[in-house]
Every structure is written in C-alpha cells, then in structure tokens.
Amino acid sequence: MRTVDPGTGTDAGPDFDEPPGESEEVKATPPQSRRMLVLCAVAGFVLGGGVLGLLWGLSGVHAGALDDALAACQALDRVGELPDTSRDAQPSLTPGLTPERLHRITAARELSAAAAQVNATYQPLADHIDGVSRMVLSLHFNDISGQRHLVQAQEICARI
C-alpha cells in the first residue's frame with residue numbers, strides 16, 4: 001500500500017508508519033460550525049434594531065399630537081363668538097366674518113385633524129371642529145348641528 005507523507009507531499013515507503021493516536025484524534029473532533037455564531041449575530045441585530053425603532057417611534061409622537069390639539073383649541077377660541085341664528089324663525093342677514101377669523105377656523109380644523117391622525121383619542125375633537133368649520137365656511141349659522149358641534153368642541157377643549 002502506498003501512502004503519502006503529509007509533511008513533504010511525496011510518496012512514503014512501506015516502512016512509513018503514522019502514529020495511531022494522532023490520526024484518531026484528528027478524525028474524532030469535527031470542525032466547529034459557525035452557524036450558531038451567525039445566528040446569534042443576526043438575532044442580536046434584529047433585536048437591537050427593533051428596540052431602536054420602538055424607542056424612536058415613541059420619542060414624542062404623542063406629545064406632538066397634544067400640542068396640535070391644544071393649538072387647535074386656541075385657534076378655535078381666538079375665532080371668538082360665532083353668531084347663533086338657529087333660534088330665529090327667519091334669521092336676518094348673517095354678519096360676515098373677517099378673513100382672519102376664517103383663517104383661524106381653518107387652522108383649527110387642520111391642527112385637530114393632524115392631532116387625530118397621530119393619536120386617535122383626538123378624533124372627536126377633529127370631528128366637532130370640522131362640523132364647526134363647515135358651518136362657518138358656508139355661513140349657515142342657523143345650522144343646529146353646527147352649533148352643537150361648536151358646544152361639543154368647546155367642552156372637549158376645556159378637558160384638554
């Protein structure tokens with residue numbers, strides 16, 4: 001039988017003997033797998049990315065919604081007293097609103113909608129301010145539902 005000398009790479013003669021214990025030890029220990037190391041690295045990366053994303057997502061989004069809701073309430077308050085002609089059988093000509101007041105009611109509607117989009121607890125405020133803005137922009141101050149929306153929006157603003 002011909003064997004190859006591992007040190008030189010040449011053919012060894014028949015008198016070449018391998019030490020029996022050395023070859024058995026080498027064959028007994030399989031090469032270590034890196035699968036577990038790679039799996040742990042990927043799991044750590046995913047877990048770290050998830051925690052970082054969670055912290056980033058919770059870092060003040062709701063505070064922005066509260067600020068928008070408060071600003072919407074302040075804009076609605078600065079609109080001032082709106083005429084209520086819902087009790088009149090035949091309302092007289094409704095006084096026109098200044099452009100500043102119309103801009104404020106539009107700003108209140110947009111701010112409340114932004115707050116509701118971020119935090120659903122502000123959705124009733126957005127709905128009521130939207131009802132008020134539709135009443136104001138159409139100049140139908142005799143709209144009972146618009147007046148009800150105004151009262152509800154003011155009550156919600158008082159609780160914020």
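Biologist: Contact here means heavy atoms within 4.5 Å, so let's start there. Of the contacts in the protein chain with a separation of 6 or more, what percentage comes from residues 24 or more positions apart?

Modeller: It's 62% of them. Keep in mind that this is a predicted model.

Biologist: Fine. Which elements are in the chain, and in what order?

Modeller: From the N terminus on, the order is β-β-α-α-α-α-α-α. That gives two strands and six helices.

Biologist: How much of the chain is buried?

Modeller: Buried residues are 22% of the 160 residues in the protein chain.

Biologist: Let's look at H6. Why does its length make sense?

Modeller: Helix H6 covers residues 144–159, which is 16 residues, and at 1.5 Å a residue the helix should span 22 Å. The C-alpha atoms at its ends are 23 Å apart, so the two values agree.

Biologist: And which residues of H6 are buried?

Modeller: Gly146, Gln147, His149, Leu150, Ala153, Ile156 and Cys157.

Biologist: What does histidine 149 touch, leaving out residues up to four places away in sequence?

Modeller: Asp127, His128, Gly131 and Val132.

Biologist: How does the lining split by class?

Modeller: Six residues are nonpolar, three are polar and three are charged.

Biologist: Speaking of charge, how many salt bridges does the structure hold?

Modeller: Two. Side chains of opposite charge can pair when their charged atoms come close.

Biologist: Are arginine 109 and glutamate 110 buried or partly exposed?

Modeller: Glutamate 110 has 47% relative accessibility, so it counts as partly exposed. Arginine 109 is at 22%, so it counts as partly exposed too.

Biologist: And what does aspartate 130 form a salt bridge with?

Modeller: With arginine 134, where the closest N and O atoms are 3.2 Å apart. Aspartate 130 is partly exposed, with a relative accessible area of 29%.

Biologist: How far apart in the helix are aspartate 130 and arginine 134?

Modeller: About one helical turn, because they're four residues apart in helix H5, residues 123–138.

Biologist: While we're in H5, is alanine 126 buried or exposed?

Modeller: Alanine 126, also found in helix H5, is buried, with a relative accessible area of 8%.

Biologist: What is alanine 126 in contact with, leaving aside neighbours within four places in sequence?

Modeller: Ser112, Ala113 and Ala116.

Biologist: And what's the separation between the C-alpha atoms of alanine 126 and alanine 69?

Modeller: That's 8.6 Å, with the two alanines 57 residues apart along the chain.

How values were computed:
Residues numbered from 1 in each chain as written. Predicted model: local features only at pLDDT ≥ 70, side-chain atom pairs only at ≥ 80, totals over all residues. Heavy atoms only, no water. Expected span 1.5 Å × (residues − 1). Buried < 20%, exposed > 50% of the residue type's maximum accessible area, 1.4 Å probe, protein only. Nonpolar A, V, L, I, M, F, W, Y, C, P; charged D, E, K, R; others polar. Salt bridge = Lys/Arg side-chain N within 4 Å of Asp/Glu carboxyl O.
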